[in-house]
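Please take a moment to look over the structure shown here, and then follow the paragraphs below as they move from one part to the next.

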Amino acid sequence: MEWKFAGDLPVYQQIITTIQGAVLSGELGPGNRVPPVRELAALARVNPNTMQRALVELERQGLLVSAGTS
């Protein structure tokens, strides 16, 4: 995923849009694992809380499913 942020929308909403695009394009398909929050946040260069907020919203939308930790 390519992380580009502009000033027109909150960053968490831009993260949601980026991940939705990755799903629609097939970059993230069913059963693919998404890296942990801290790793994704580091890749996107955002605060982990911001990434967590976006992922929670994507789970609420049913686009992502959390498997929890082992």
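**From the pocket to the core**

The largest pocket has a volume of about 670 Å³, a value that, like the others here, is computed from a predicted model. Its lining is made up of 21 residues, and Arg33, Val34, Val65, Ser66 and Ala67 are the ones that lie nearest the centre of the pocket. Helix 3 provides the largest share of that lining, namely three residues.

In soluble globular proteins, nonpolar side chains tend to be buried together. The largest nonpolar core in this model has 16 residues, and the members with the most contacts inside it are Trp3, Ile15, Ile19, Val46, Met51, Leu55 and Leu58. At least two residues of this core come from each of helix 1, helix 2 (37–44) and helix 3 (48–60), while helix 1 gives the most, with five residues. When residues up to four places away in sequence are not counted, Leu58 touches Ile16, Ile19, Gln20, Leu63 and Leu64.

Helix 1, which spans residues 11–25, also contains Thr18. Is Thr18 buried or exposed? Thr18 counts as buried because its relative accessible area is 19%, and the cut-off for burial is under 20%. Once its neighbours within four places in sequence are left aside, Thr18 is in contact with Met1, Glu2 and Trp3.

Finally, there are the aromatic rings to consider. The structure holds one aromatic pair.

Conventions: Residues are numbered from 1 along each chain as its sequence is written. This is a predicted model: local features need pLDDT of at least 70, side-chain atom pairs count only at pLDDT 80 or more; totals for chains, interfaces and linings use all residues. Side-chain values use heavy atoms; hydrogens and water are left out. Helices (H or I, at least four residues) and strands (E, at least two) are DSSP runs, numbered from the N terminus. Buried means under 20% relative accessible area, exposed over 50%, partly exposed in between (1.4 Å probe, protein chains only). Contact means heavy atoms within 4.5 Å. Rings of Phe, Tyr and Trp (its six-membered ring) pair if their centres lie within 6.5 Å; planes under 30 degrees apart count as stacked, over 60 as edge-to-face and the rest as tilted. A nonpolar core is a set of buried Ala, Val, Leu, Ile, Met, Phe, Trp, Tyr and Cys residues joined through side-chain atoms within 4.5 Å. On a 1 Å grid over the protein atoms alone, a cavity is a set of points where a 1.4 Å probe fits but cannot get out, and a pocket is an open set with protein on both sides within 12 Å along at least five of seven lines; lining residues have an atom within 4 Å of a point. Grid points are joined across faces, edges and corners, and a volume is the space filled by probe spheres set on the points.
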